[in-house]
Amino acid sequence: MLETFLVRAVHVALHLTTALLLPPLLPGLIAKTKAMVAGRTGPPVLQLYYDLARLSRKRAVFSRTTTWVFLAGPVGTVAAVATASLLVPFGSSPAPLHFQGDAVFFAYLFGLARFLTVLSALDTGSAFEGMGAAREVSFAVLAEPALFLGFAALAKSTGSLSLSTMLASPGFSFSRAMAPLILVLAGWAIVYLAENSRIPVDDPNTHLELTMIHEVMVLDHSGRPLALVLYGASLKLLVLGALLIGPLFTRAFGGLLNWAAFWGLLVLLAVGVGLVESFTARLRMNRVPQFLVAGILATAFAFLLLLV
Amino acid sequence: MSVPFVSTRNGLPVSLADLPFIPTPEFREGILDRVREGFRLAALFADDGPSLWAVLADDDTGTLQVGRTHLSQPSFAALTPKCPQAHLFEREIAEQFGIIPTGHPWLKPVRFHRPWNEGPDAWGRAGEPRPGVMDFYTVSGEEVHEVAVGPVHAGVIEPGHFRFQCHGEHVFHLEIALGYQHRGIERAFLAGPHPLSLKQAETLAGDTSIGHAWAYCMALEGLVGRSLSPRVDRVRGVALELERMANHVGDLGALAGDVGFLPTASYCGRIRGDWLNLSAEVCGSRLGRDWLRPGGLRHELDPGLAERMLPRVEKAWADTQDAVELLWGAASVMNRFEAAGKVDPAQAKDAGLVGVALRACGHPRDVRKDHPFGPYTAHPVAPAIAESGNVHARAWVRWNELKESHRHLAEALEALGRSPAEAAPEPLPPLALERFVVALTEGWRGEILHAAVTDGEGRFARYKVVDPSFHNWFGLALALRGEQISDFPLCNKSFNLSYCGHDL
């Protein structure tokens, strides 16, 4: 009894540490991959940690037009995504928090984060930020169905609405559900790139305000709120990444092996994103919906396959 | 055609005595007739006379027709309604001398400065005008919104203000307000040439040092009747083509960067440096400052150096090909380039676009071919053209120009490696009195025009500079009509115009 409790406690501790400390590594890995492909040295892998440390010591500048809503964006995003990180299993060990229907809660935590970011962007009254907010919500409308159809497929296959069971269910991976699983992962990969504002949907490195989607909404943030924005974005990379690599695990990976495999797959995922960004250009803004609809179609077919 | 416009050639001076004042109505009709026949209005400017000067280029025969008229009052009937390419020239005339082009449909300030003659301001502005303070074109209606960008931009670039009238992502109209970089260089040339004039010419547009310095030198050499040896011409050709290589490579890389295509963007950034370093090898400046001087060269290109440069040129060219060819092979890039920034070929011609932007619309106009100067008579280059007028066409024209420039460079360096260096040129004698000369060069952006008028003491009574950007900023506004606002940065980069070249 005590032994199971201790094992569980270690897992929860590892889960929390991973969720809190690991995220800033991922953007660093993506940047390093891109730099190496381009033949550059690039910034250090730990650059975001340094940036966060630097920003946390800086004062924020607030525009006179903004109100408390402006701060609700960064704070709310980190709070919502951090809560979501408790619901998603890292590898095959169950998440610290799990209950029937937590998948829906998980999805709407991201909805809440987006809502607050959009409000905080609109609060500045800037034409740029309003434009970015409009783009963000239009594209979210198309990304969300793919997420939910993926959940539906997994729920149908596992008979559960809890992420910990849906994603880490034994026997799921190498059964007749293989084809639907591949489709779900393909659809979610698109959602992953869109939600994390990566190429080909958005370009997190551009300095051109008129082409930005997510970045332009946080242009006015500085100092600690900016640190929260950057941290929140990296946390999103990790939490949604866990969603994407969860179904790849089987119970074969137990204990510490599970954690090593999880971290390894996260690193691979970051390198993969870096490679995609290295070899493709961004889509034209009015082509983005087609790309997102491909995600909806993939997950919808996964669901249909499981119905038959 | 009976009107006495005087025919001349690139760099060939005309005596003012041979250049009669044409009565203003005939002057106006003369311009309109010629433009209708296919001439281009290369320059239209005023002086303190007050009189108007016009330079019309006949690109098919390689001749220039010049004419002037004396104005009895500070106004004239605007040419713009019938000849759109005059629109910015007429606004400039109004701003510089308070001469009103009556009937001008879009009479707004250009550079936001006081009139030169301290006379009444064309817009009745009191005090020192502030850039960007004017009435912008607006579209009203529900859901229509305005986006203002600049003058301070994200990134280390020059200042300019852009106003978009949008409906969601759709752009109805873009209006561009410049003038933040106005330094008054044209005025600084007056009573010159001054010791600093060459330096100022080199910095008219900092990335086109050779193009502008050559035009300045050509004007002076024309005014003293100095002709250059073929070797000096070839070295100048090397300088101009190296400038073109560096800038076109940089532009193609920047275009790739704007669509987030990293391979070409990263490599071109470095390769551009290789081309710039080749310029530095000869004159000590990556931007080609101090390479030319009136009458010849300040830095001769020794045969030994030419031989050493040739393999470096080949190496840089091989790298350039590798980097740029990645671009044409990426479907995601082609998709972006082909969908954005189309300029209608007829409009491009009417609006008087020049250089890369015009050639991308299928018009094979290149000063090196049409009004050959320096080495381009003996060693012609073929103008690169593309048909579609969009971002892809402008990128494609640059690519084909790179190929042609590389060929020219390699041939020139090989020839220079075989011919002995020449002694430094004699300083130029005083300028001929009361002459008018037009010097055209093809900078990497397009046609550069310098026109000089000397007075009874051989000093500049008027010095006019037309940078290609002066013509082409309006082309960018045209390219944005009906486009997505998110494609603006890409369109902007495909023109890559100079702010200071426009603002002078």
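Modeller: Start with B:Val14, whose bridge partner in β13(B) is B:Phe436. Keep in mind that this is a predicted model.

Biologist: What makes β2(B) and β13(B) count as paired strands?

Modeller: The cut-off is at least two bridges found by DSSP. Two bridges join β2(B) to β13(B), residues 435–442, so the pair meets that cut-off. The two strands run antiparallel.

Biologist: Where do β2(B) and β15(B) stand in the sheet, and why?

Modeller: The order is β2-β13-β14-β15 in chain B, an open sheet of four strands with antiparallel pairing. β2 (14–15) and β15 (460–466) each have a single partner strand, so they stand at the edges, with one side of each left without a neighbour in the sheet.

Biologist: And how do you know that β13(B) and β14(B) pair?

Modeller: They share seven bridges, in the antiparallel sense, and the definition asks for at least two, so they pair. Four residues lie between the strands in their hairpin, where B:Gly446 takes a positive phi near 155°.

Biologist: Why is β13(B) called largely enclosed?

Modeller: A residue is buried if 20 or more other C-beta atoms lie within 10 Å of its own. Eight of the eight residues of β13(B) are buried, so the rest of the structure largely encloses the strand. B:Arg435, B:Val437, B:Ala439 and B:Thr441 point one way, while B:Phe436, B:Val438, B:Leu440 and B:Glu442 point the other way. Helix α5 of chain B, residues 209–224, also lies across β13 and β14, at about 150° to β13(B).

Biologist: How many residues of β3(B) are buried?

Modeller: Seven of the eight in β3(B), residues 40–47, so that strand is largely enclosed too. β3(B) pairs with β4(B), residues 51–58, over seven bridges in the antiparallel sense. B:Phe45 stands opposite B:Trp53, and a hairpin with three residues joins the two strands.

Biologist: Over to chain A. How do you know that the span of α6(A) agrees with its number of residues?

Modeller: At 1.5 Å a residue, its 32 residues should span 46 Å, and the end C-alpha atoms are 46 Å apart, so the two agree.

Biologist: What lies at A:Val141 in α6(A)?

Modeller: A kink of about 30°, shortly before the proline A:Pro145. Just after the helix, A:Gly159 takes a positive phi of about 65°.

Notes. Residues numbered from 1 in each chain as written. Chains lettered and ligands numbered in written order. Predicted model: local features only at pLDDT ≥ 70, side-chain atom pairs only at ≥ 80, totals over all residues. Contact = placed C-beta atoms within 7 Å. Axes fitted to C-alpha atoms, helices over the stretch in contact; angles between N-to-C directions. Expected span 1.5 Å × (residues − 1). Bend = angle between axes of the 7 residues up to and from the residue. Buried ≥ 20, exposed ≤ 12 C-beta atoms within 10 Å, placed from the backbone.
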